[in-house]
Structure formats: structure tokens, C-alpha cells
Amino acid sequence: MFKALFNAILAMQQKNAGKHFISKHLSRVALYELRGREALLPDLKTKFEQLEEQMKNYTINDSYEIELVESFRTAKTQDGYYAKGRTKDGNIITNAEGLESYHQYALAFDIKFKHYGWSPPAGYWDVLGEKGESLGLEWGGRWQSRDVGHFQYRPGGATWEKLKPHFEL
């Protein structure tokens, strides 16, 4: 009887381990007001730094260096972005409402080119996307509504759909 109970508790803990790890990390982000790369989930921070290094060393003749634009963002900020072009002035910049973006879970980042911003020479975004994908990241440049500077990470099959109920008020 105790073995069955132990196995059931262990299975439940393993099932929720990813959510708890993300929750614990987000608590640190909030409590210590972490921003930029420090706000990224540790595995994703490592992948970002690997991508940053690969792009810096990609070529001698031209600069492929990247810089982080945004990592973690609150659900409130996400809702503000979602309102642009809908209920607020401006162009639509996202299709995700609050808690529907991997940014809210420290599982996404946006980058641009250090020397070219959002308008690099032809082919730069493709090089960046391929290098990011080789690190196990999902690249927004493959989406129907392309978001070439966006990368996200789904450790253990995590999706915002699975995470959202865990964080809703």
C-alpha cells in the first residue's frame, strides 16, 4: 500500500517538476527584478549565450553580432502589446495575449543585429535562424506571420497552453 502511494506521489511530482521549476525561476525574476539574459530560464540563457558567441564568430569580414532586445515580459506588458492595432493606436505586433507568450515564462527572447538593428543585409536572419534551431530553439522566422528576431524554448515539451493554467489568477 505504501509503495503504491509513494509511486503515485513520485509520479505526480515528476509530472509537475517542469512547472515547479519554471514557477520557482519566475519567482526569482520577480523578487530580484531580473531583466535581460538574467531573466531567462537557465537552460535558455545558456543557449542564448551559445547563439551570441556563434554569431559573433560567424565571419571575419562582416558583423553578425546580435544583441538582446527583450526576454521576460509580464502578462500586463504582453496584453499592452496585444492591444496595439486592436484597441490602441499602432500596428499589430503580436498575436499572443498575456500568458499566451513564452516570454511570460522566461522561455523566449527577441534579438536584433548589433550593427544593423532590424534591417540587416540579405540572408542574415536565415543564418541566425539556422544557428538558433541547431541549438534546439524554435525560430519565429518559420512562422506564417514571421517574427525573425524571436526564439523560444520548450523544455520537456512545455507549451504556454500547459503552463497558463498553472499561473492564472
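Here is a short tour of one glutamine and a few salt bridges.

Keep in mind as you click that this is a predicted model.

**Stop 1: glutamine 104.** Select glutamine 104, in the loop between α3 (75–83) and β2 (108–113). Is glutamine 104 buried or exposed? With a relative accessibility of 5%, glutamine 104 counts as buried, because the cut-off for buried is under 20%.

Now show its side chain. Next, bring up the surroundings: beyond the neighbours within four places in sequence, glutamine 104 is in contact with residues including Leu26, Phe72, Arg73, Thr74 and Glu97.

**Stop 2: arginine 73.** Move on to Arg73, one of those contacts. Arginine 73 forms a salt bridge with glutamate 70, with 2.9 Å between the closest N and O atoms. Both ends are buried: glutamate 70 has a relative accessible area of 18%, and arginine 73 has 7%.

**Stop 3: glutamate 138 and arginine 154.** Select this pair for another salt bridge, its closest N and O atoms 2.9 Å apart. Glutamate 138 sits in strand β3 (residues 138–139) and arginine 154 in the loop between β4 (150–152) and α5 (160–167), so the bridge ties together parts 16 residues apart in sequence. Glutamate 138 is partly exposed at 25%, as is arginine 154 at 37%.

In the whole structure, a search finds 10 salt bridges.

Key
Residues are numbered from 1 along each chain as its sequence is written. This is a predicted model: local features need pLDDT of at least 70, side-chain atom pairs count only at pLDDT 80 or more; totals for chains, interfaces and linings use all residues. Side-chain values use heavy atoms; hydrogens and water are left out. Helices (H or I, at least four residues) and strands (E, at least two) are DSSP runs, numbered from the N terminus. Buried means under 20% relative accessible area, exposed over 50%, partly exposed in between (1.4 Å probe, protein chains only). Contact means heavy atoms within 4.5 Å. A salt bridge is a side-chain nitrogen of Lys or Arg within 4 Å of a carboxyl oxygen of Asp or Glu.
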